[in-house]
Amino acid sequence: IAEIIPVVMVFGGLLLTYRRFRFSNAAYALMAVWLFWHTLGGHYTFANVPFDWFNALIDAERNHFDRISHFAVGFYAFAVVEWLLRRGHCSYVLANTFGLLLVMGIAAAYESVEWWYAVLAAGDAGIEFLGSQGDIWDAQKDMLADTLGAVVALLLFALIRPDRNIAASRGER
């Protein structure tokens with residue numbers, strides 16, 4: 001249940017705000033990647049998702065399903081930049097900076113909450129939730145994956161620039 005709480009919160013927020021602000025299809029598609037991936041990880045617990053084909057592909061003993069999920073968290077930078085620009089809150093460079101730093105801050109906060117919950121849950125439940133799989137640098141690698149996902153999303157945003165197309169068609173500034 002603890003693993004699915006973030007998905008329910010994000011999905012609920014998107015539902016509640018849909019009438020007031022509609023993101024581009026690209027933004028919704030990128031956000032859906034994380035929603036799906038995290039839901040699947042929550043079902044199995046991230047370390048136990050049947051992902052052997054990928055681990056064999058990269059010749060890894062560790063299950064890297066959670067790292068891909070963290071990478072997908074970074075995709076939310078796309079939506080953040082789109083929202084900031086379409087609302088006219090700041091310049092393109094500042095929106096990108098804020099999008100990247102927001103993802104990085106959320107990544108750091110989530111790793112702290114994950115550690116706190118693992119300590120409180122203790123035992124096997126805490127270890128399963130933490131999902132470090134014996135990697136002492138797991139939290140740092142997860143935050144790096146979040147950041148790299150954000151960089152990829154921001155590069156994709158620069159190529160697509162949905163803020164220009166949507167804003168013009170809807171009469172937004």
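Gln140 lies in helix α8, where helices (H or I, at least four residues) and strands (E, at least two) are DSSP runs, numbered from the N terminus. This is a predicted model, in which local features need pLDDT of at least 70 and side-chain atom pairs count only at pLDDT 80 or more, while totals for chains, interfaces and linings use all residues. Residues are numbered from 1 along each chain as its sequence is written, and side-chain values use heavy atoms, with hydrogens and water left out. The chain has 9 helices and 0 strands, and buried residues make up 41% of its 173 residues; buried means under 20% relative accessible area, exposed over 50%, and partly exposed in between (1.4 Å probe, protein chains only).

- Gln140 is partly exposed, with a relative accessible area of 41%, and its C-alpha atom is separated by 8.7 Å from that of Ala108, which is 32 residues away along the chain.
- Among contacts in the chain between residues at least 6 apart in sequence, 70% join residues at least 24 apart, contact meaning heavy atoms within 4.5 Å.

**Helix α4 and its surroundings**

- Helix α4, residues 65-73, is mostly covered, since 7 of its 9 residues are buried, among them Phe65, Arg67, His70 and Val73.
- The buried residues of α4 pack against α2, α5, α6 and α8.

**Packing of α2 and α5**

- Helix α2 (residues 25-44) and helix α5 (residues 76-86) pack at an angle of about 145 degrees, with their axes 8 Å apart; axes are lines fitted to C-alpha atoms, for helices over the stretch in contact, and angles run from 0 to 180 degrees between N-to-C directions.
- The contact is made by Ala26, Ala27, Leu30, Met31, Trp34 and Leu35 of α2, together with Tyr76, Phe78, Ala79 and Glu82 of α5.
- By class, this contact has 9 nonpolar, no polar and 1 charged residues, where Ala, Val, Leu, Ile, Met, Phe, Trp, Tyr, Cys and Pro count as nonpolar, Asp, Glu, Lys and Arg as charged, and the others, Gly among them, as polar.

**Salt bridges**

- The structure holds 3 salt bridges, each being a side-chain nitrogen of Lys or Arg within 4 Å of a carboxyl oxygen of Asp or Glu.
- Arg67 forms a salt bridge with Asp142, the closest N and O atoms being 2.8 Å apart; because Arg67 lies in helix α4 and Asp142 in helix α8, the pair ties together parts that are 75 residues apart in sequence.
- Both Arg67 and Asp142 are buried.
- Arg86 forms a salt bridge with Glu82, with 2.7 Å between the closest N and O atoms; both residues lie in helix α5, 4 residues apart, about one turn of the helix, and both are buried.

**A buried charge without a partner**

- Glu111, found in helix α6 (residues 92-121), is buried yet has no salt bridge, and the nearest side chain of opposite charge, Arg67, is 7.7 Å away; in this count Lys and Arg are positive and Asp and Glu negative, whereas His and the chain ends are not counted.
- Leaving aside its neighbours within four places in sequence, Glu111 is in contact with His70, Ala139, Asp142 and Met143.

**Arg161 in its loop**

- Arg161 has its place in the loop between α8 and α9, and its phi is near 45 degrees, a positive value in a residue other than glycine.
- Arg161 is buried, with a relative accessible area of 14%, and its side chain meets that of Asp163 in a salt bridge (2.8 Å, N to O).
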